[in-house]
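Me: I'm new to this one and would like to learn how to read it. Could you walk me through it step by step?

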Amino acid sequence: MPYSHTALVPQGLAAFFRADYVRFPATGKQPGSPIIYLAGGPGGSGILAVNYRFDMFMALREYGDVIALDQRGTGRSNDLPNCESRQVVPTLEKISDAKYIEYHRKALLECLAFWHENGTDLRGYNTRENARDLDALRQHLEAEKIVLWGTSYGSHLALAALKEIEGSVDRVILSSAEGLDQTIKLPVRTESYLERLQLAVDQQPSAKAAYPDIKALIKRVHTKLEREPIKIQIPQRDGGNLDYLLQRRDMQQIASAFIADPQSAAYLLGFYRAIDLGQVPAFDQVPKRYFPDGFHNPGSPISLRAMPTAMDIASGMSKKRKLQVREQSENALLGDYLNFSYHYDGLAKELDLGEGFRSNPRSDIPVLLLSGTLDGRTYIESQHEAISKLNNATLVTVENAGHNLFMASPEIQETINLFLEGRPIEKTTLTLNLPDFSPK
């Protein structure tokens with residue numbers, strides 16, 4: 001039987017911060033430290049994650065209380081107003097990247113002023129403060145130590161916790177790790193990912209025939225859209241359709257989202273193939289959740305959520321990484337659209353946590369990292385770099401898995417069980433079946 005709780009935990013820039021969570025009591029005979037789930041995003045709800053990771057939450061109860069936490073500024077722990085700017089990107093006008101980015105930079109400046117006027121101090125919404133919340137939650141739970149279980153941004157938070165509250169951490173379970181200087185992804189890593197995707201596609205004769213050269217296909221379509229964007233219709237909530245001019249930049253942003261997992265990559269390849277053949281991509285046949293925010297609601301003012309906006313800006317990027325992204329994006333297929341906060345650079349310097357935050361953590365605490373070879377958001381090479389200074393880390397490669405891999409195979413749960421039991425993990429490569437990449 002789960003229990004819902006509210007904890008008042010100290011906040012760096014205010015008296016207290018309210019953290020809501022759901023506790024699933026331990027079922028094992030000798031439960032260990034509480035296991036705290038850290039959702040991705042940033043901005044994801046740990047409580048809502050129970051809906052699609054229920055079996056994992058239940059399985060982990062064997063090893064301790066399992067806590068579904070809504071981090072500060074998310075889910076039931078969120079009392080921050082969303083911001084709707086005055087900026088509206090034209091839907092039927094071909095505009096340059098520079099103009100498009102200008103709309104969004106102006107929107108951010110408007111929203112920063114809006115949040116300030118509404119009494120929201122965004123300096124309290126960063127990953128360092130988020131990590132300190134975990135220690136306050138540990139004290140609230142009256143636990144000596146806690147186990148951190150994080151994915152994507154949740155792994156970013158867990159890595160920060162190893163620097164901020166190392167003595168309070170028992171062990172760490174990570175998947176799809178995002179390092180402390182990896183909020184902004186390297187475009188060159190996308191090229192390597194596409195090569196791995198090609199190898200996977202080539203295993204299926206019909207898919208290989210349809211997509212003999214994925215990179216060439218993407219480049220060809222981008223060139224075509226750059227020369228002449230195509231008019232499409234985007235279904236709206238009221239049942240109608242909105243005319244929209246699909247540009248090269250749109251496909252780069254769609255691709256940045258769809259490369260997360262092999263299943264969504266299969267849809268993406270279909271989109272590109274349709275455009276290449278002079279057809280309209282079947283965007284309406286794919287759930288809206290797969291698309292970047294705002295794509296299915298074009299023509300509306302640019303809106304921003306406080307927590308994810310502030311978190312990404314605060315984690316920022318090192319000077320070295322900024323230079324790498326700038327240089328690599330000039331010839332990269334997806335340009336510099338892998339993480340849009342790259343384009344906010346310089347607008348809120350007071351929020352940036354600085355170079356010290358972005359250095360890799362050093363620790364002897366046991367860490368388990370599960371990495372998918374077909375993860376197009378947190379690339380496997382980057383994940384290994386993110387934990388390079390963790391001396392007691394076990395790396396498990398999941399062949400053919402993507403960004404969302406936790407429940408992709410019973411073997412993954414079995415591996416996590418071994419880790420929590422302190423037993424050796426001898427099978428460090430797991431293999432999943434590939435989805436059907438052939439055109440639908």
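This is a predicted model: local features need pLDDT of at least 70, side-chain atom pairs count only at pLDDT 80 or more; totals for chains, interfaces and linings use all residues.

Me: Okay, how many residues of helix α11 are buried?

Reply: Nine of the 10 residues in helix α11 (residues 306-315) are buried, so the helix is largely enclosed by the rest of the structure. Among them are Ala 306, Met 307, Pro 308 and Ile 313.

Me: And what do the buried residues of α11 pack against?

Reply: Their partners are α3, α4 (127-140), α5, β10 (303-304) and α13 (355-358).

Me: Which way do side chains point along a helix, in general?

Reply: An α-helix has 3.6 residues a turn, so residues three or four places apart point the same way. Now take helix α5, where Ala 158 lies.

Me: Is Ala 158 buried or exposed?

Reply: Ala 158 has 0% relative accessibility, so it counts as buried. Leaving aside residues up to four places away in sequence, it touches Leu 38, Leu 148, Val 172 and Leu 174.

Me: Let's turn to strands. How many residues of strand β7 are buried?

Reply: Six of the seven residues of β7 (residues 169-175) are buried, so this strand is largely enclosed by the rest of the structure.

Me: Which strands does β7 pair with?

Reply: To read pairing, look for bridges between strands; at least two are needed. Strand β6 (residues 146-151) runs parallel to β7, and six bridges join them. Here Trp 149 stands opposite Ile 173 of β7. Strand β11 (residues 367-372) also pairs with β7 in the parallel sense, over four bridges. In that pairing, Val 172 stands opposite Val 367 of β11.

Me: How does the chain get from β6 to β7?

Reply: The chain crosses through helix α5 (residues 153-164), which makes a β-α-β crossover, and this crossover is right-handed. For the handedness, picture the strands pointing away from you: a clockwise path from the first strand over the helix to the second is right-handed.

Me: What about disulfides: how many does the structure hold?

Reply: There is one disulfide. To spot a disulfide, look for two cysteine sulfur atoms within 2.5 Å. In this model Cys 83 and Cys 111 make the link, with their sulfur atoms 2.1 Å apart. The angle about the S-S bond is -85 degrees, and the link is left-handed. Cys 83 is in strand β5 (residues 83-84) and Cys 111 in helix α3 (residues 97-117), so the pair ties together parts that are 28 residues apart in sequence.

Me: Are Cys 83 and Cys 111 buried or exposed?

Reply: Cys 83 counts as buried at 3% relative accessibility, and Cys 111 counts as buried at 0%.

Me: Now the whole protein. What does its radius of gyration say?

Reply: The idea is to compare the value with that of a compact globule. For 440 residues such a globule would have a radius of gyration near 22 Å, and the protein has 22 Å, so the two agree. The C-alpha atoms fill a box of roughly 65 × 55 × 45 Å along the principal axes. In the protein there are 15 helices and 13 strands, and buried residues make up 58% of the 440 residues.

Definitions and conventions: Residues are numbered from 1 along each chain as its sequence is written. Side-chain values use heavy atoms; hydrogens and water are left out. Helices (H or I, at least four residues) and strands (E, at least two) are DSSP runs, numbered from the N terminus. Buried means under 20% relative accessible area, exposed over 50%, partly exposed in between (1.4 Å probe, protein chains only). The radius of gyration is taken over C-alpha atoms; the globule rule is 2.2 Å times the number of residues to the power 0.38. Contact means heavy atoms within 4.5 Å.
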